[in-house]
Each structure stands twice: as structure tokens, then as C-alpha cells.
Amino acid sequence: MLLSLRGVARAYRGDAAPFALEVPAFDLDEGEALALAGPSGSGKSTLLMMLALAAPPDAAERFVFAGQDIARHWRAGRRDALAELRARRVGVVPQTGGLLSYLSVEGNIALTQRIAGRPDVRRVRLLAEELGIAAQLGKRPAELSVGQRQRVAIARALAHRPALVLADEPTASVHPELADAVLALLKRECAAAGAALLVATHDPDRAARAGYPVLACETRAPGTDGIARSIFARASLAQAA
Amino acid sequence: MLRLALADLWHERVLFLCSVLGCAAVLAPLIVLFGLREGVVAGLRAELLEDPRAREVVSVVNRTLEPALFERLAADPRVAFVVPRTRALSSTIVLENPARVASGLRVELLPTAARDPLLPDSNGLGADALVLSATALERLGLRVGDPVLASVPRSRDGQREVLTLPMSVAGAAPLSAATRDAAFATLPVLLLVEDFLDGAAGPQARPTSEDAARTRPFAGFRLHAARLEDVPALDRELRLTGIEVASRAEAVAGLLRLDRNLALLFLALAGAGGAGYLVSLGVGLWAQVERKRRDLALLSLLGLKRRALLMLPLIQASAVALMGALCAFAVAAAVAGVLNRAFAGTVAGERPVCLLSAAMGAGAAGITLAGGVVASMLAGLRAAGVAPAEGLAEG
């Protein structure tokens, strides 16, 4: 089990009403791919942030990632330990690529390797070829199309051989035709690298078409306490059985 | 980390250049200002200090001053040198060049002792040696090392008697020590001349030891203050004890006031300019970090540790500060060169009006670096404190 959460909650400010994100149970196996679906503002990004070890949960009965007690790291304020885990085990594909404008494509892809302390030029080249951006390695991000930038971000998320890749609406800023290709690429590359994959999307049908199992979020209108709730629940198959 | 920071700077080299020039533009005039202060004020001071007469205080009226007074003066830390003198009337002698016939020259006999500021080259004069003024040397046709005959005539019971001392020329007094014909000798020689004229010593008498001479009362003294600043106080105190003295106290006090006022003026200008400089530098670097917030958040999300994250703006600020200081110093050096040529020989004599030293350059770079590091550190801490989540959401 790569990720295992129980009783995790985080309050956040939505567009209008106060929101609470609740994860009663969530498990993800090594190498497993999953799409998190929900309308915009349902807390998908917040959940991804928590799973990327970039934002602390308000409460957590259990939050284990790659064998490490993440909840305890947050409670103890061990930010460097969390950064270390992010650097070595997590790959992130931000919505619009999030590339550093002052580095070349090659430098951007190699960035995660350098932060993790695992330089591997051959892997950078290989990923670039598989993603069809080998000709762009020497260019700056500003010279690329949106789709190419997205692929650079995917290559960067995989370059340091992470155990988990998180993508936040990777198709939001690309052409609909390209969206399917991006989702397929992500799934294929993660499978090839043996990395687990979590994709947040507001379009569950597209994800399902691309062959992703979909976990839809359950939203509840504000109750007596005036707080709207978003609930993601997914116990492992073994436990459900 | 260094590569990342420098790659960013290189990518935005125009902006980097702007920051560097902005930094240099404010710093260069400050460096010139400090150079002027060094050149003008320090030059004036050095000139005064170089002239031993500026620190001199001499008693002008013959009195009977007890050895205790001289001991007290010698022990005073503000007094660098003190030598007693005999009565003014009994302090002339006739000098003769033994190699020339009838070459007698009447000169003033002045006291000296070890470590005399007036005679920096003639330390530890013997009782049979004289230091002559340049004019006396020339008139007598003598050179340093030559023998010389010193004689004092007196009339006793209608009889003419002469005290003759065979001596040697131990040195030439610089022009600042004596402009007229004069001979410097040790205290025992002066006392012997006085005793002979008073009738207390015969023509065959010879000088006593320095220590023995110091136990006697004297008519007056010449002293040199340790520092220029001590002259007015010493002058005032001696007058208060009833000893009439002459010194350049007025001129020294005036110059010291000028020095203080100039220093204050420079300090005020430099303070205002320096504070403005640090603020502008800090604000510029702060703005740069704010602009980089998104990049920093992204790097944090990718797993860069907090300390490494802080290094980024720190390295960039250091680069700006160092390059800026370097540029500023180059500009200031050019300006100083122009100033020095333009004011050559007018304001500060032969000295450069604007004096730049490597230490000043290092100081400017150091202060700039410190200011830049503090500013970018504060801004960086703020940026690094932002949750890495910002890097994903904003993307």
C-alpha cells in the first residue's frame, strides 16, 4: 500500500461557503492509477495538495505514505523531512505546466532529478523522446506550445522515478483533442515507470474513456453548521472484501 | 543551487543589469563623498600633525621653575616631549669652523633631548655634539660630522675670559625646527653656558650629566603635546598656573572645530545617503523576491528544502550587491581621478582631494552585501514560509 488515509479532514475556504474536505478512508496501491472527479471547488486540488505532502491535514487518524507517518511529520513540523519525501517519491504535474522560464526544457525536466540528487541524463532524453519533445530540449518554455509544455511537465514529474505522480486538471488548459492524448500519455508513462497516478479532473467521462478508474466525490450542501462537505472515500479492495 | 540562481539571473540579465546599475548609482556618490572626507579632512589633519610646531607649547617669560613641575609635565600623558631651557639672555654662543680662520658666527643656543619632535633624525645627542640649523651650517662651511668650536666670552673684573668647548656637528636641523641661525645642544651644555656667564663656573668647566642637570630649576621650557587636540587644553592649564606660554592653540582649536564640523557634515550626508541607499537596495531585492514567489513556491513543491530555497534570493542579492559595489567603486575611482586633477595643488596641497582606498571599497562592498543579504533574507523567509501548495494551485 503506497497511500493509506483514515479520518483525514481539512477545512478550506471555497468560492462561497466554508468547505470541509473529509476523507474517511482512502487507499492507493503501488502503481495504481485513479482519477479523482468532482465539480470545480469540490476540494480535489486540496486533496492533491495533502497527498503531495505540500499542505497539512487539520486532523488525521492515519496518513501513511510510502511507509512514513505523514501526520506525525506535520505535527512535529519536520518540513525538511517532508520536502525530502516530496523530492524523492512524488512527482507533480501542475495545471499549466509550472515550468521555470529561465531554464531550458532539458533543465526543467532534469530539475526534479537535481533536487532529488539523482541526475540521469539518459532518462531525460528517453522521456523526451517518448513524449515527442526531444527536438525541444534546448528551447525555453516560452517557445513551446501549451501541449508541449504540458508534456515537459509530465516528463519532469517522472524524471526522478517517483512512486506517486499527482496531476491537477492536466487537461484544463489544453485543446479537447489533446486532452485525451495527455491523459493517455500520463497513464502510459506512469505504468511504464511503475508509478502510482492520481489525476484530478472535473470530467469523469473523459477519464473513464482513457481507462482510469474514477473516484467521484460526494458533496453535501451546508447542514445546520453551515459548512459544505466534500467526501472522498475509497477503501482498498482487500479491505472491502 | 548556484547554477539555478545564476541561470535565473542570466535569463533576466537586463533586469539584473538594471538592479546593478541602480545599486551603483546610489553607492558611487557615497564613495566619492567618503573619498573627499578622507582626502580633505585627513589631509588637513596630516599636514598639521606633520608640522611639529603645531603641537608646540613654549614658556615665554623667564621664571624659576622647580624640577617637580618638569616631572609632572613629563608624566602627563598629553605631553609627548618636554625639555627645560635656560634664560633667554644667556643662550647665545659663538661657533667657529676650526678649518677656517676668524669664521665666528653668533647663534642662538636651543635645548634638545632624546625623542625631540623638532629633530626626528637626531636622537640621543651627546654632551659634545651640536645639531645646527641649515643656515648656520652653510655660513660656517660645515658638514655633518665635522668638528666645531663653541665659545662663550665674559668680562670679569675687567678681564675677558672665554669658555671654549670643542664639539662636533651631529646633524642638520630641518627647516621646520629653526629658520634662523641656531644650534641645538643638550641641557648640560646650556647649563654650563649659563653658569659661566653667571660666574658660577670657570673657563675650564665641562658639562655635567643629563640627570644632574635635570635636578636644577630652569627659567622656562618647550613642550610638545601628544595629540593636536591636547594643545588648547595644555595652553589653558599652563596659563592658569601662572606660566605665560605661546602656542598655536587658537589656530589648532579653529582647525579642530573645522575638522569636527566637516566630519559632522560628512556624517550627516553619508548617513542620509547611506540609509537611503540601503532602503532602495532592500526594497529592490524585496520586490525581486516577491516577483519570484511563484517560482519559489514551485521549487518548494518539487521538494527543495527551506534552506536551499532561501539560498536562491540570497545568492542573487549577493551577486547584485557585489556587482553594484564593484561598478560604484569603478565610477567613484574615475570621478576621484577627475577631481584630483581639477583640484591639484589647491585645496589640500600636494595631497589628492579625493582619496579612495581598497579598505573603503571592501567596506562599501561589505555594507552593501550585508544590507542585501538582510533584505533578501527577510523577503526570502516570507516567500519560503508560503505553503508549497501555492506552486500547484497557481501552476
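Colleague: What should I keep in mind about numbering and confidence?

Modeller: Residues are numbered from 1 along each chain as its sequence is written, and chains are lettered from A in the order in which they are written. In this predicted model local features need pLDDT of at least 70 and side-chain atom pairs pLDDT 80 or more, while totals for chains, interfaces and linings use all residues.

Colleague: Why is A:R88 called partly exposed?

Modeller: A residue is buried with 20 or more other C-beta atoms within 10 Å of its own, exposed with 12 or fewer, and partly exposed in between, with C-beta atoms placed from the backbone. A:R88 has 18 C-beta neighbours inside 10 Å, so A:R88 counts as partly exposed. A:R88 sits in helix α3 (residues 79–89) of chain A, a helix being a DSSP run of H or I with at least four residues.

Colleague: What makes a set of residues a nonpolar core?

Modeller: The members are buried Ala, Val, Leu, Ile, Met, Phe, Trp, Tyr and Cys residues, joined through C-beta atoms within 7 Å. The largest such core has 86 residues, and A:A155 is among those with the most contacts inside it. Helix α6 (residues 146–159) of chain A gives the largest share, seven residues. A second, separate core of 51 residues includes B:V57 and B:M167.

Colleague: How do you know that chain B is in contact with chain A?

Modeller: Contact requires C-beta atoms, placed from the backbone, within 7 Å. By that rule 19 residues of chain B are in contact with 27 residues of chain A. α12(B) gives the most to that side of chain B, with four residues.

Note on methods: Two residues are in contact if their C-beta atoms, placed from the backbone, lie within 7 Å. Helices (H or I, at least four residues) and strands (E, at least two) are DSSP runs, numbered from the N terminus.
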